[in-house]
Amino acid sequence: MAEENGLFVGADEMKSALNVQETEEEKFLIFRSSEILYAISTNYVNEIFTSVDITRVPMVPDYIAGVINLRGAVVPIIDFRLLLGRFPEGDSNAIILNIQEITIGILVDSVDQMVDIAKSSILPVPAQNEHKLVSGMCTMPGAVGTIMVLDGEALIHVHE
């Protein structure tokens with residue numbers, strides 16, 4: 001009966017009337033490389049190691065640190081710092097990723113934390129600063145500075 005009199009208000013109408021926005025969030029792993037904060041979707045993250053035994057491989061690009069044996073599987077390890085044209089600074093952590101059924105690892109300076117980031121807060125990278133590995137940037141609540149959001153799928157096509 002209330003519907004007929006125009007008194008019934010649905011959930012969608014209520015949200016717009018109250019100006020409440022639903023925010024779609026995604027969980028990201030935040031890490032540092034050369035004092036820059038990066039984020040990668042936890043959908044890609046399998047494991048994090050504080051130290052790995054890397055076997056060097058000849059005749060590969062400089063940014064390929066080598067391979068590791070991960071429970072019988074050979075996993076290539078990319079030195080993310082060298083990939084970006086920076087030199088490694090001290091210790092490193094390895095983040096093992098599974099992207100499109102391909103397992104790779106990246107060496108980074110340190111792993112910071114996992115956070116939920118609203119997709120609406122991820123902004124495009126300015127054209128003059130565009131980098132093929134970075135799909136966006138955002139500011140984490142309470143953080144100082146900008147976080148660069150990595151395009152995980154671009155990591156597996158970096159050599160193309």
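How much space lies in the largest pocket? About 190 Å³ lies there. The structure is a predicted model, and the legends below take it view by view.

**Figure 1. The whole protein chain and its order of elements.** The protein chain has three helices and ten strands. Read from the N terminus, the elements follow the order α-β-β-β-β-β-α-β-β-β-β-β-α. The protein chain holds 160 residues, and 36% of them are buried. Take the contacts between residues at least 6 apart in sequence: 53% of these join residues at least 24 apart.

**Figure 2. The largest pocket and its lining.** The largest pocket contains about 190 Å³ of space. Eleven residues line this pocket, and Ile-36, Tyr-38, His-131, Val-134 and Met-148 are the closest to its centre. Which elements give two or more residues to the lining? They are β2, residues 36-41, and β9, residues 134-138. Sorted by class, the lining of the largest pocket consists of eight nonpolar, two polar and one charged residues. Rolling a probe the size of a water molecule over the atoms shows where empty space is left.

**Figure 3. Aromatic rings around Tyr-38.** A pair of aromatic rings is described by the distance of the centres and the angle of the planes. The model has three aromatic pairs. One of them is formed by Phe-31 and Tyr-38, which are stacked, with 5.6 Å from centre to centre and 20 degrees between the planes. Both Phe-31 and Tyr-38 are buried. Tyr-38 also pairs with Phe-80, and here the arrangement is edge-to-face, at 5.0 Å centre to centre and 85 degrees between the planes. Tyr-38 belongs to strand β2 and Phe-80 to helix α2 (residues 80-83), so this pair ties together parts that are 42 residues apart in sequence. Phe-80 is buried, as is Tyr-38. Through ring pairs, Phe-31, Tyr-38 and Phe-80 are linked into a cluster. Tyr-38 is also among the lining residues closest to the centre of the largest pocket.

**Figure 4. Glu-26 in strand β1.** Glu-26 is part of strand β1, which covers residues 25-33. Is this residue buried or exposed? Glu-26 has a relative accessible area of 18%, and buried means under 20%, so Glu-26 counts as buried. Its side chain makes a polar contact, at 2.5 Å, with the side chain of Ser-41. Apart from neighbours within four places in sequence, Glu-26 is in contact with Ser-41, Asn-43, Val-115, Asp-116, Ile-117 and Lys-119.

Figure 5. Asp-109 sits in the loop between β7 (102-108) and β8 (110-118). With a relative accessible area of 14%, Asp-109 is buried. Ser-34 is found in another part of the chain, the loop between β1 and β2. A polar atom of the Asp-109 side chain lies 2.6 Å from the backbone nitrogen of Ser-34. Ser-34 is buried as well, at 10% relative accessibility. Its phi is near 55 degrees, which is a positive value in a residue other than glycine. Not counting residues up to four places away in sequence, Asp-109 touches Arg-32, Ser-33, Ser-34, Glu-35, Arg-81, Glu-89, Asp-91, Ser-92 and Asn-93.

**Figure 6. Glu-101 in the loop between β6 and β7.** Glu-101 is located in the loop that runs between β6 (93-99) and β7. What is the value of phi for Glu-101? Phi of Glu-101 is near 70 degrees, a positive value in a residue other than glycine. Glu-101 has a relative accessible area of 77% and is exposed. Ser-34, by contrast, is buried.

**Figure 7. Leu-123 in the loop between β8 and β9.** Leu-123 is placed in the loop between β8 and β9. Leu-123 is partly exposed, and its relative accessible area is 49%. Which residues does Leu-123 contact, leaving aside its neighbours within four places in sequence? The contacts are with Gly-136 and Met-137. Thr-139 is 16 residues from Leu-123 along the chain, and the C-alpha atoms of these two residues are separated by 9.4 Å.

Terms used:
Residues are numbered from 1 along each chain as its sequence is written. This is a predicted model: local features need pLDDT of at least 70, side-chain atom pairs count only at pLDDT 80 or more; totals for chains, interfaces and linings use all residues. Side-chain values use heavy atoms; hydrogens and water are left out. Helices (H or I, at least four residues) and strands (E, at least two) are DSSP runs, numbered from the N terminus. Buried means under 20% relative accessible area, exposed over 50%, partly exposed in between (1.4 Å probe, protein chains only). A polar contact is a pair of N or O atoms within 3.5 Å; within protein, one must be able to donate a hydrogen and the other to accept it, and residues adjacent in sequence count only if both atoms are side-chain atoms. Contact means heavy atoms within 4.5 Å. On a 1 Å grid over the protein atoms alone, a cavity is a set of points where a 1.4 Å probe fits but cannot get out, and a pocket is an open set with protein on both sides within 12 Å along at least five of seven lines; lining residues have an atom within 4 Å of a point. Grid points are joined across faces, edges and corners, and a volume is the space filled by probe spheres set on the points. Ala, Val, Leu, Ile, Met, Phe, Trp, Tyr, Cys and Pro count as nonpolar, Asp, Glu, Lys and Arg as charged, and the others, Gly among them, as polar. Rings of Phe, Tyr and Trp (its six-membered ring) pair if their centres lie within 6.5 Å; planes under 30 degrees apart count as stacked, over 60 as edge-to-face and the rest as tilted.
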